[in-house]
Amino acid sequence: MTPLPRMAPLPRLSASTLHHAAKNVRLLGYDRAVLRSGIVHLGLGAFARAHLTEYTDDALARAAGDWGITGVSLQRPDQRDRLAPQDGLYIALQRDGAGTQARIIGCVQRVLVAPEQPQAVVAAMADRSCRIVTLTVTEKGYCHDPASGRLDFAHPDITADLAHPAAPRSAIGLIVAALERRRAARLAPFTVMCCDNLPQNGRLLARLVDEFARRRNAELADWIVAKGAFPCTMVDRIVPATTDADVAAASEAVGLLDLAAVVHEPFRQWVIEDRFVSAARPAWQEVGAQFVADVAPYEHMKLRVLNAAHSALAYLGYLSGRETIVEAVLDPILRRFVLDLWREEIIPVLAAPPGINLSAYSDRLMRRFENPAILHRTWQIAADGSQKLPQRLLDTIRERLARQLPITRLAHVVAAWIRYVGGVDEIGKLIDVRDPLATLLRTTLDGAGQAAAERVARVIALNEIFGDDLTDNQVFRAAVTEAYTAMLEHGVRDATLAQLAP
Ligand code: CS2
């Protein structure tokens, strides 16, 4: 075979090469030179780089302002290493079946790596210029017990941060250290805005910060309660992990090499509780973010319709050999299962946010899942199920049990998750289970023998996931056992087929 001709290497994207970007690429509509670090963002993963930053860039272009972002990586240096040579610039590639649009995002001014320089991170948050600290650290990044919503004081990062408050490593430890610094300097606190898929995320984070701060210093905790603000938010945009192929496609589209590119769907949504210290925030309301008094109905809708379906498709899809969400929803059995799950079990016990029709919302969602240009791996979404199940599925199960309504399909998804975390698929291949409780789940299942009832009973007994109420609920246990037994006897696919409405 003749080797393919090598393309000339592209110049690296940076402030000095930006003017070489291809003609159809949307560039920044504002002057970066005026930006100050008004926002410190913890957890600069793909989602934040396609959501918070895009809204902020739009707000800067529309209404000016000086809201730059200091990004903080809480674990690895990769993001900083990619973004620093690019002066924080990167490409956001919007994709669907109709095509691709590239734009450059410019509001990230610098990236700090917390494990390398915790003091610098605390200093950035404690600086007068910082008015808002935003977070996308994923569910497990809050070091809490998902069933009770309380801080897990036995979590190694929390123990470490209480022992060494000057060099925090958890998001909670960093926030409290910086707030303590601000109080000592007689500065107002920053607003703390959680942008993760957690129920009542602002309230939850306020409580976790309070529990931690109170262990340190009750006066500090009282000051945070009196002066701080923790708005709740609902965030939505489908943003798969960036692959090498995405990096190549984005770089190609722009004509500049970008190692930090993100790929996302066209849809985006952001509902924010309007509760900010001194009302200081970018003009996000001018670019589509919705400010409301109560985020709860929006957040319930998103977690219980979108994320619940995502998790269902992740476990059932993975176990049926479907690699991506689009592949899973093009499988007629899985697609019908999700449609039935929404229509029969989720939507009937969900209160719609003002002006929203839930069946239209779920129709649109199915179209988003079908986007052929977004390859969102079922394996990626399957990760961290122990932290996701409670708000995505278990709360709906609780609502239905309270009303004595059937939970067959919801229990089927819980059973698929148990099947998945067992760590071996239907053809005997090992599953790379990523979950902070993976070891506990594995030993729990290994110790249970092969009988379905015992396996289910042992997992459901993990009350940090299921809470005492579900752990002790016979109806719940029977429904999950029945679904799990059917999966073992007939395989996940046939068991799912048998669940479909006639
Ligand atoms: C997904 C979410 O990874 C997951 O668990 O369900 O990241 C989902 O893509 C977003 O919440 C969509 O807004």
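Reply: Gladly, and please keep in mind throughout that this is a predicted model.

Me: What does Arg237 form with Glu54, and how far apart are the closest N and O atoms?

Reply: The general idea is that side chains of opposite charge can pair when their charged atoms come close. Here Arg237 and Glu54 form a salt bridge, with 3.1 Å between the closest N and O atoms. This pair links distant parts of the chain, since Arg237 sits in the loop between β8 (233-236) and α9 (244-254) while Glu54 belongs to helix α2 (residues 52-63), 183 residues apart.

Me: How many salt bridges does the structure hold, and which parts does the pair of Arg304 and Glu399 tie together?

Reply: The structure holds 37 salt bridges. In one of them, the side chains of Arg304 and Glu399 meet at 3.6 Å, N to O. Arg304 lies in helix α10 (residues 296-319) and Glu399 in helix α15 (residues 385-402), so the pair ties together parts that are 95 residues apart in sequence. Arg304 is buried, with a relative accessible area of 7%, while Glu399, at 28% relative accessibility, counts as partly exposed.

Me: How many residues has the largest nonpolar core, and which helix gives the most to it?

Reply: In soluble globular proteins, nonpolar side chains tend to be buried together. The largest nonpolar core in this model has 127 residues, and those with the most contacts inside it are Trp270, Trp284, Trp342, Phe369, Trp417, Phe466 and Phe476. Helix α10 gives the most to this core, with twelve residues. The core draws at least three residues from each of domain 1 (5-277) and domain 2 (296-497). Apart from it lies another core, of 41 residues, which includes Tyr142, Val192, Phe212 and Ala213.

Me: Which residues of α20 are buried, and what covers them?

Reply: An α-helix has 3.6 residues a turn, so residues three or four places apart point the same way. In α20, the buried residues are Phe476, Ala479, Val480, Thr481, Ala483, Tyr484 and Met487. Their cover includes α10, α15, α16 (408-421), α18 (452-460), α19 (463-471) and α21 (492-497). At the N-terminal end, Asn473 caps α20, with a side-chain oxygen 2.9 Å from the backbone nitrogen of Val475, and after the helix comes Gly491, whose phi is positive, near 90 degrees.

Me: How many residues of domain 1 are in contact with domain 2?

Reply: There are 28 residues of domain 1 in contact with 33 residues of domain 2, and the C-alpha centres of the two domains lie 29 Å apart.

Technical notes: Residues numbered from 1 in each chain as written. Predicted model: local features only at pLDDT ≥ 70, side-chain atom pairs only at ≥ 80, totals over all residues. Heavy atoms only, no water. Salt bridge = Lys/Arg side-chain N within 4 Å of Asp/Glu carboxyl O. Helix = DSSP H or I, 4+ residues; strand = E, 2+ residues; numbered from the N terminus. Buried < 20%, exposed > 50% of the residue type's maximum accessible area, 1.4 Å probe, protein only. Core = buried A, V, L, I, M, F, W, Y, C linked by side-chain atoms within 4.5 Å. Domains from an automatic or database assignment. Contact = heavy atoms within 4.5 Å. Polar contact = N/O pair within 3.5 Å; in protein donor to acceptor, adjacent residues only side chain to side chain.
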